[in-house]
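I opened the notebook to follow the strands of this model. Here is what I looked up, entry by entry.

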Amino acid sequence: MDSGPPLDRVRQRAVEALDLASAQRRERLDRVTRTAVRLVGADWAAVTVLDGDVVRLPSTACAPAGTPDQAPAEETFCQTTVRGEDLLAVEDAAADTRFDGLQLVTSGAVRAYAGVPLRDAAHNVVGVLCVFDQRPRAFTDEDRAALLDLRHWAESELTSASEMAAARRVQTSMLPSTGVLAAGWDIGGMCLPSAAVGGDFFDHEVLHDTADLVLGDVMGKGTGAALLGASVRSAVRGARRAVVAGVDLGVSTTQIARAMAEDLERAQSFVTLMQAVIDLEDGSTRVVDVGLGLGLVVRSAGGVERLGGTGLPMGVLADDHWEERETELGAGDRLVLVSDGVLDVLDEPGRSDWWVEVGQWVRRADDVDALIDHVRGRVARGVPTDDVTVLAAFRGGPGPADQGAA
């Protein structure tokens with residue numbers, strides 16, 4: 001009977017998922033190795049990862065000058081440690097036939113070693129937390145307990161960040177990868193999560209000369225909010241052909257809310273959302289506001305029209321319903337939807353008349369990409385506490401006049 005892939009092959013796949021090139025990862029692991037040096041009283045410490053026939057060192061603390069960031073596996077203690085179940089302690093490597101021929105030992109760089117395997121969520125051994133000394137030494141019960149305690153911290157830093165990075169890649173892959181330039185329209189958006197993943201999402205698609213734009217924001221941050229956001233996005237996409245064909249946005253939104261009600265209740269969460277369906281030929285636009293209230297049209301003749309309605313978020317009232325509103329986008333008009341994270345990057349964060357400043361950004365942008373770049377720059381300079389998402393549709397024609405909002 002096939003017993004499955006060899007252990008080393010399984011371990012290698014787990015190691016390849018660790019994203020060891022991450023600078024943030026290295027800094028987080030450095031905290032662990034610095035603590036190991038202090039608690040165990042070792043000369044230096046490292047987190048190592050067995051990657052094929054090479055041992056990589058994504059983190060070291062107090063390592064001797066010139067310590068490489070990788071070494072042949074057969075020249076390391078860690079090749080033995082990863083094949084064990086628990087802590088390996090070597091009090092005098094020069095007197096241990098398993099290790100007395102290692103270059104680290106024959107050169108006098110290392111005489112004592114202690115290491116504990118690090119495992120991922122599937123219990124695969126992916127690395128080692130280890131300490132080194134240049135002189136023989138005994139490792140006390142307290143030293144061993146400290147390394148075993150630190151193991152859980154190192155495992156979390158080594159593996160959970162990988163899982164978040166993978167989740168972020170998946171979430172990002174679900175967003176539109178490019179904007180749309182069609183029939184004199186410029187449509188595009190961006191989402192910058194405040195954490196690895198977030199609850200904001202946006203989507204846009206053009207079908208039969210009609211553009212469907214949606215921006216949503218799930219209460220909360222992190223994986224839970226991202227999962228709910230993906231579910232809502234999928235439900236909205238499922239209704240896309242119907243709304244493009246003319247089904248009332250209020251009706252379709254109410255149906256989606258009914259379908260999501262049980263999930264939102266179990267998660268004790270709610271969703272704010274705004275959707276706009278634009279006829280690209282004549283600019284007639286239908287809008288539904290599900291408690292977001294952060295939409296506007298910057299008019300080419302000057303002034304700003306706010307698109308927010310009085311609808312509550314999805315998940316607040318079980319039997320709630322929403323209504324479609326209509327507006328027109330003429331030549332040079334610009335529609336923009338934002339999440340509340342944008343309010344954190346205003347010149348005066350949280351100002352109640354947010355549309356005045358956002359309207360100025362829109363007027364001054366040459367195109368949608370320029371608006372997105374402007375918001376990205378503000379995020380880079382500030383510290384938003386929430387996800388930042390922008391979705392825009394600019395109609396061709398003379399741009400909006402640079403004047404105050406109406």
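**Strand notes**

I started with strand β12 (residues 284-290): 6 of its 7 residues are buried, so β12 is largely enclosed by the rest of the structure. Buried here means under 20% relative accessible area, with exposed over 50% and partly exposed in between (1.4 Å probe, protein chains only). Strands (E, at least two residues) are DSSP runs, numbered from the N terminus.

Before going on, I noted that this is a predicted model, where local features need pLDDT of at least 70, side-chain atom pairs count only at pLDDT 80 or more, and totals for chains, interfaces and linings use all residues. Residues are numbered from 1 along each chain as its sequence is written, and side-chain values use heavy atoms, with hydrogens and water left out.

Next I looked up the partners of β12. Two strands pair if DSSP finds at least two bridges between them. Strand β11 (residues 271-279) pairs with β12 in the antiparallel sense over 5 bridges, and Gln275 has Val288 as its bridge partner in β12. I found 4 residues between β11 and β12 in their hairpin; Gly283 in the turn has a positive phi of about 80°. Strand β15 (residues 325-328) also pairs with β12, antiparallel, over 4 bridges. There, Arg286 has Glu326 as its bridge partner in β15.

Then I turned to another sheet entry. I read an open sheet of 6 strands in the order β3-β2-β1-β6-β5-β4, with antiparallel pairing. Its edge strands, β3 (70-72) and β4 (88-90), each pair on one side only.

Last, I checked β1 (residues 44-51) and β2 (residues 54-61): 6 bridges join these antiparallel strands. Leu50 has Val55 in β2 as its bridge partner.
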